[in-house]
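Q: I would like to learn how to read the features of a model like this one. Please take me through them, general idea first, then the case at hand.

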Amino acid sequence: MGSAHGAISHLAFEVSALHLGVKPLRSPALPAIAAATVAAVTFVACAPSQPFGGDAAEMQTVPYILGIAHPTGFPLFVLLGFLWSHAFAFGSVAWRLNALCAIYGGAAAGMGVACAGRLGIRWWIAVPAYFWFASTYVVWTHATHADVHDLLLALESAIVLATIVWLQDGDRRALVVMAACWGLALADHPNAIWLAPGMLLAVLLRRRDVRRVDLLRAGAAIAAGLSLYLYLPLRSSWIVAHGADPAARLAGIDGGPFWNSGNPSTWHGFLTVLTGSNFDTGHHLLGIFAPAQWQSYLWDIFTLTQGSYGSYAVVVAIVGLATWYARDRRIALVVGLLCLAAIPFSVIYRDVESDVARYRLLAIWW
């Protein structure tokens with residue numbers, strides 16, 4: 001408890017220093033790399049070696065056999081998991097996939113430190129802050145188990161960093177990085193769609209720096225990431241042609257779990273897996289606009305912060321955000337929109353998804 005109060009005191013001092021206009025730190029690479037390494041090593045050391053049930057079991061299995069996961073297929077996670085689990089053949093297959101997700105979790109912590117450095121937060125505040133993030137219950141339990149949301153968080157945090165660079169410096173390379181990471185994030189999990197409003201706002205705020213060629217490059221980068229979804233029909237067709245799915249031998253089964261979920265070798269199966277229509281996603285998307293739910297969104301952000309970091313941290317967060325907004329309202333608004341836009345859907349989706357906490361990892365990171 002004493003260390004927590006100490007961290008809060010240091011953070012309050014840092015907020016005061018920012019308010020007084022301390023010059024931002026512009027070279028945060030070393031602290032970010034160190035934080036990412038320590039967090040990843042810690043997660044890996046604590047990653048279980050045994051298989052689990054539910055989605056974790058699927059994500060420990062599907063990448064290794066190069067199968068088809070449940071909607072929306074998560075092709076980027078599957079392909080990276082396949083390469084990793086066969087190239088680093090140490091320990092059980094379950095541990096290999098758990099360890100890979102632990103590395104993703106460490107990368108997200110490192111990205112957080114890098115973002116803090118760009119915003120003027122000293123490394124001796126940023127590094128402990130993101131170790132605190134890494135040790136929260138929600139983050140810890142997901143970063144030590146195979147979960148597509150770990151990779152999604154790493155890519156989303158990279159998008160936030162690139163967005164900050166773009167808004168601060170107008171570096172057009174950052175714009176392409178934003179687009180490329182977003183395309184890859186969408187190929188991992190469709191929850192990345194909620195970053196679109198924040199990214200669009202960032203582009204509009206510096207629209208005078210955007211050239212037509214930049215938009216073409218960004219569009220090509222997004223398309224490259226989305227092209228990974230071609231894995232679903234191509235691999236599914238191979239599985240069907242070679243009879244690799246053992247569940248296909250059962251009567252009434254058209255694509256079994258792990259090997260060929262949803263059978264996207266057919267047009268109907270591909271659309272079902274790609275859209276997640278069997279989970280009534282469209283109905284829930286419309287539900288986020290119901291005015292009766294808006295109060296619950298704000299309350300959810302408050303309880304998420306309080307539940308992850310404690311009541312004192314809520315006060316510090318409010319002071320910090322107010323100071324941030326006073327110093328640079330453009331970046332504060334854009335980053336807040338990037339990181340919080342998924343909250344409404346996570347609230348509405350509770351009746352379908354038993355673990356909505358993983359839809360809020362970026363909000364906790366923020």
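Q: Which residues of H16 meet which residues of H17?
A: Contact means heavy atoms within 4.5 Å. Trp324, Tyr325 and Arg327 in H16 meet Arg329, Ile331, Ala332, Leu333 and Val335 in H17. By class, that contact has six nonpolar, no polar and two charged residues. Ala, Val, Leu, Ile, Met, Phe, Trp, Tyr, Cys and Pro count as nonpolar; Asp, Glu, Lys and Arg count as charged; the others, Gly among them, count as polar.

Q: What should I know about the source of these values?
A: This is a predicted model: local features need pLDDT of at least 70, side-chain atom pairs count only at pLDDT 80 or more, and totals for chains, interfaces and linings use all residues. Residues are numbered from 1 along each chain as its sequence is written, and side-chain values use heavy atoms, with hydrogens and water left out.

Q: How is the packing of two helices described?
A: By the angle between their axes and the distance between the axes. Axes are lines fitted to C-alpha atoms, for helices over the stretch in contact, and angles run from 0 to 180 degrees between N-to-C directions. Here H16 (residues 311-327) and H17 (residues 329-340) pack at an angle of about 130°, with their axes 5 Å apart. H16 and H17 are therefore oblique to each other. Angles under 35 degrees count as roughly parallel, over 145 as roughly antiparallel, 65 to 115 as roughly perpendicular and the rest as oblique.

Q: How many helices and strands does the protein chain have?
A: Helices (H or I, at least four residues) and strands (E, at least two) are DSSP runs, numbered from the N terminus. The protein chain has 19 helices and zero strands.

Q: Which residues of H13 are buried?
A: Buried means under 20% relative accessible area, exposed over 50%, partly exposed in between (1.4 Å probe, protein chains only). In H13 (residues 267-275), Gly269, Phe270, Thr272 and Val273 are buried. Seen down the axis of H13, these residues fall within an arc of 165°, so they line one face of the helix. The arc is that of the directions from the helix axis to the C-beta atoms. Helix H12 (231-241) is among what covers them. Trp267 and His268 are exposed, on the face turned away from the buried side. After H13 comes glycine 276, with a positive phi near 65°.

Q: Is leucine 161 buried or exposed?
A: Leucine 161 sits in helix H8 (residues 148-169). At 17% relative accessibility, leucine 161 counts as buried. Leaving out residues up to four places away in sequence, leucine 161 touches Met111, Ala114, Cys115 and Arg118. Alanine 116 is 45 residues from leucine 161 in sequence, and 9.1 Å from it in space, C-alpha to C-alpha.

Q: What is found in the loop between H3 and H4?
A: Look at the backbone. In the loop between helix H3 (54-65) and helix H4 (75-87) lies threonine 72. A cis peptide bond joins proline 71 and threonine 72, with omega about 15°. Leucine 66 is in this loop too, with a positive phi near 55°. Its 15% relative accessibility counts as buried. Phenylalanine 74 also belongs to the loop. Phenylalanine 74 is not a glycine, yet its phi is positive, about 50°. At 3% relative accessibility, phenylalanine 74 counts as buried.

Q: What share of the residues of the protein chain counts as buried?
A: Of its 366 residues, 50%.
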